Amino acid sequence: MSLTSGRFSWLTVVAISASLAAGCSKSGLESSFVYSAKTDSLIPEAQSGIKGQAGVKKMVDDRFGNPQHLKAWSKLPIDFGGVTASVGETPSGKAVKEILLQFEEGITSPSGDAVSSVQFVGGAAAGETAAVLSWDAESGKATLVSALTGSPAQGDQVVIGGGEVIRNGRVLYQRHCSHCHGTSGDGAGPTAEYLNPRPRDYRHGVFKFTSTNSSSKASREDLSRILKYGIPGTYMPSFLLLKDDELYAIVEYVRFLAMRGEFERKLVTELSVDYSKASVADQTASGTKRSEIIEALTAFLTEDFSDVANSAGDELAEAWSTADTEEALVAPTVGRVADSPESRRRGRELYLSKCADCHGVSGEGNGPQTTIFEKLPDADALYPEAGLHDEWGNVTKPRNLTQGIYRGGRRPIDLFCRMNEGIKGTKMPAFKTVFSNEDVWHIVNYVLSIPFEAEPGVSPGSIAPATPVAPAAAE
Amino acid sequence: MKKFWAIFFWFWPVVALVLCVMAPSQGWWFPGPPGTQMGERIQGLFELILGIVTVTFIGTNFALGWVLWQAASKGDDKKAFYSHGSHSLELIWTIVPAFVLLFIALYQMDVWAEYRVQSFYPEETKQGSVAEFMARQFEWRVRYPAIGETLKDEAQPGDLYMVNELHVPAGRPVKINLRTQDVQHAFFAPQLRLKQDAVPGLIIPVWFDVPKAGNYDVTCAELCGWGHYKMKARIVVESQQAVDAYMRKLQEEQTEDGFVEEAAEEE
Ligand SMILES: [Cu+2]
C-alpha cells in the first residue's frame, strides 16, 4: 500500500483474522473473493497496480480482505462486532506490554475470555492487533502476550474482540447461503445456474424488496425480513428458525459483501473510461503511445486514487446508514383506504391506465411490454431476447397478479411500497409522482382482489374483513 | 480357528440384545418420549416390532453360529449335509413369518384406523382443519383461515400466512391439511411420532393431540431435492389463549399499512 495519501484509510482498516483459519491457511477449505467482470475489463496495470501503486484489486483487498482474513473498514456502517474502548493512563516508554483501557459510559467492561485480543484503531499503534495474556475486568488492565511496536497514547481507540459478528456471519453465510449466492455474494454459487429467478448478486448494492424510498438502499430490517420469510414464489427459502443473533450476523455479512462489491464497482467506474482494455486499444489505434497511457495511469493511481477510494467509502457509508433512518422509510400520508367495490373499481381504472401495459389487462403478467426487445445498457445493441431486463441483465416477467403470490410480502404496506417506490433494480417503476397516496391504496385494494376475480375486472362478491381499519367494509 | 466364526456370529446377537433392550428403555437414539397419546401407541407398535425383529435376529444368528460350530467340531472326513430343496423347511420359513406379519397387520389395525382413517378421527377434528401445511421446495408454507372463519381448500382473501412455524392449541385434537406445491415431501414430527407423505394433488388430513405446551420439530422425511435438509419447521403448541393472541398478532401484521398518525400531522 502506498503511504502518504493512502494512509488515513489504511489506518482505519482493521484486520479480522478469522480464528477458524489460523494455522491452516493453506487448507483446501480456503476460499477467496472474486472480482467483478468489470474489473477484468480494465488493463492489467489498472487491475493490479503499477510501480508499487495499488490498483483496483489491492484497493479492495486492503479494505475488505478475503474470507479467511476479513478486514473491517471502520468508515463503513457495519457492525463488525467487538467493544470499543480507549487507552487510559498513558503507558510510558517503548515496548508496551500492559495497557489500561477505559470504556464509555453505559458500556460494561467485558469479562473473562471475551477479551482475547485488542486491536488498535487510532494512534501510533494503529493497525496492530495484540493478543491478550490476561485481563482484569475491574481495573481494565490488559496484559499483552508480546510488546507493541508502536507506543499508544492516552485516548487512542481500541476494539476488543473485534470482528466477532462479521466472522460469525461469514460462517453462517457459507453454510446457508453461499451455494446459491456465492462466496463473494455474486449470485453465482454452484446451485445458482439451475434457478429462475437467479439468486441475488449483492455486489450492485441493490435489493428489490425494501421498505425504503426509491432512492435509498435496503435497511437492515428489510434484509432481515427477507431472511425470515424467504421470497415466496422463488427459490429463496425462509430462515425463520435461525436465532436472532444469527440473523443479525448474516445481515451484517450480506451488507459487507454488498458494500465490497459496490466499492469495487465505484473504483472501476472511475478508471474504465480511460483504462479499460477497449478504451486503451482505441487510444493506441488513434496514435497515443501505450507508455503515455501507463504514465497517466501511474500518476492517477499515485495522486488521486486514494482520494477516490475514500470518497467512494464516504458515499457508501452515507447511503447505507441513511437507509436505516426514519427519513428513508416509506410512510404513506394516509392510511389504507377501506377495501370496497368502489375503491377497487377506481383501482382497476388506474391499473388499466398505467399497469396493464406490463402486467396485462387481466393481471397475468403478459402485457405488450413483455414482448419488446430492450436496448442493452452500455452498448448500441439490443438484448438477444425479448422482455423486461433487470439491473443484472436477467429477464424479469411482470408479476402474474392472479396468483396472489407477492415476493416482497403481502401486507398492504408491502404492496404500497412496491407501487409507490417501484421495485429497485427492475423495470417496475415508482408511481409516487404519478398517483396520490390515496390512489395507490385504491390500486392496492384492486391488486389484492385480482386472485379472487371470477373474470378480469369483475370484483369478487364478498370482501373478507381484511383490514381492521374499516370493519364496515365487509359486504 | 474354525470355531472363531461360530463365536463371531454368536457375539452379534448378544450385542443386539443389549442394544434392543437399552434403546427403548433408556431412550437411546429416540427423539425424547412420545409427545402424544397416539405417539405412545405408535411407540408401542414400534417396540413390539423391535422385539420381534430382535428375537428373529438372535434366533437366526444363534442358528448360524450353531451350524458353524457343529461343522467345525466334526472331523474333516465327515460329509456335509445338504438341506437345499427341503420342502418342510421351506414351508416353515414361509408360514412362520407370514403368521408374524399377519399378526402385526391385525394388531396395529386400530392404531392405524385412528391415525389414518378419517371416520375414526376424534370428534373435535371433524369441524375442519386449523391450517393448511403446504410443503414446497424447500420450506413449509402455512395458511390459516381468517379469525372466525373456517379453512377452505382454496386461498381466501382474509387468510393468514406464515412460513416454517405452526401454532396450535395444546390439549385438544387438531387437524391440519397437508399438501405439497411441487414434488413429494413427507411431514415428520419425530417427537410426536408422526409421519405422513405429502403427495402432489392430494389434501391429506393429519391430526394430533399434544397435551404438553412446547416446541416440536418438523422435518421433511422424503428426499425431495438437493435442499431437502433445509426443510425444517416447528410446531408451537401453546394454550388456546396464546394461539388466539398469535392469530390476532398475525392479522395485525398482515393488515399493516405503515400509516403513522404523527407522520401525517407533520405534513
Ligand atoms: Cu421435502
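The legends below describe close-up views of a predicted model. Residues are numbered from 1 along each chain as its sequence is written, chains are lettered from A and ligands numbered from 1 in the order in which they are written, and side-chain values use heavy atoms, without hydrogens and water.

**View 1. The copper site in chain B.** The copper ion is coordinated by ND1 of His185(B), SG of Cys220(B), SG of Cys224(B) and SD of Met231(B), at 2.1 to 2.5 Å. Donors are N, O and S atoms within 2.8 Å of the metal (3.2 Å for Na, K and Ca), and sites may look incomplete because water is not among the atoms. The angles among the four donor atoms run from 91 to 124 degrees, and the site is tetrahedral (four donors with all angles between 85 and 135 degrees). Along the chain the donors follow the spacing H-x34-C-x3-C-x6-M. His185(B) belongs to strand E6 (residues 185–189) and Met231(B) to the loop between strand E9 (214–220) and strand E10 (233–238), so this pair ties together parts of chain B that are 46 residues apart in sequence. Helices (H or I, at least four residues) and strands (E, at least two) are DSSP runs, numbered from the N terminus. His185(B) is buried, at 0% relative accessibility, and Met231(B) is buried at 1%. Buried means under 20% relative accessible area, exposed over 50%, and partly exposed in between (1.4 Å probe, protein chains only).

**View 2. The interface of chain A and chain B.** Here 36 residues of chain A are in contact with 30 residues of chain B (contact: heavy atoms within 4.5 Å). About 2,600 Å² is buried between the chains, with 62% given by carbon and sulfur atoms; this is the accessible area (1.4 Å probe) that two parts lose on being put together, summed over both. Helix H6 (178–181), helix H7 (220–229) and helix H14 (412–421) of chain A each supply at least two residues of the side that touches chain B.

**View 3. Two cis peptide bonds.** Asn196(A) and Pro197(A) are joined by a cis peptide bond with omega of about 0 degrees. Pro197(A) sits in the loop between H6 and H7 of chain A. In chain B, the bond from Gln137(B) to Phe138(B) is cis, with omega near 0 degrees. Phe138(B) is placed in the loop between strand E1 (131–136) and strand E2 (139–144).

View 4. Trp29(B), a residue other than glycine, has phi near 65 degrees. This residue lies in the loop between helix H1 (2–26) and helix H2 (37–73) of chain B and is exposed, at 70% relative accessibility. Asn164(B), also not a glycine, has a positive phi of about 60 degrees. Asn164(B) is found in the loop between strand E3 (160–163) and strand E4 (165–169) of chain B and is buried, at 2% relative accessibility.

**View 5. The surroundings of Arg265(A).** Arg265(A) is in helix H8 (residues 244–275) of chain A and is partly exposed, with a relative accessible area of 23%. Not counting residues up to four places away in sequence, Arg265(A) touches Lys38(A), Arg203(A) and His204(A). The C-alpha atoms of Arg265(A) and Ser36(A) are separated by 7.8 Å, although the two are 229 residues apart along the chain.

Technical notes: Predicted model: local features only at pLDDT ≥ 70, side-chain atom pairs only at ≥ 80, totals over all residues. Tetrahedral: all angles 85-135°; square planar, octahedral: opposite > 155°, others 65-115°.
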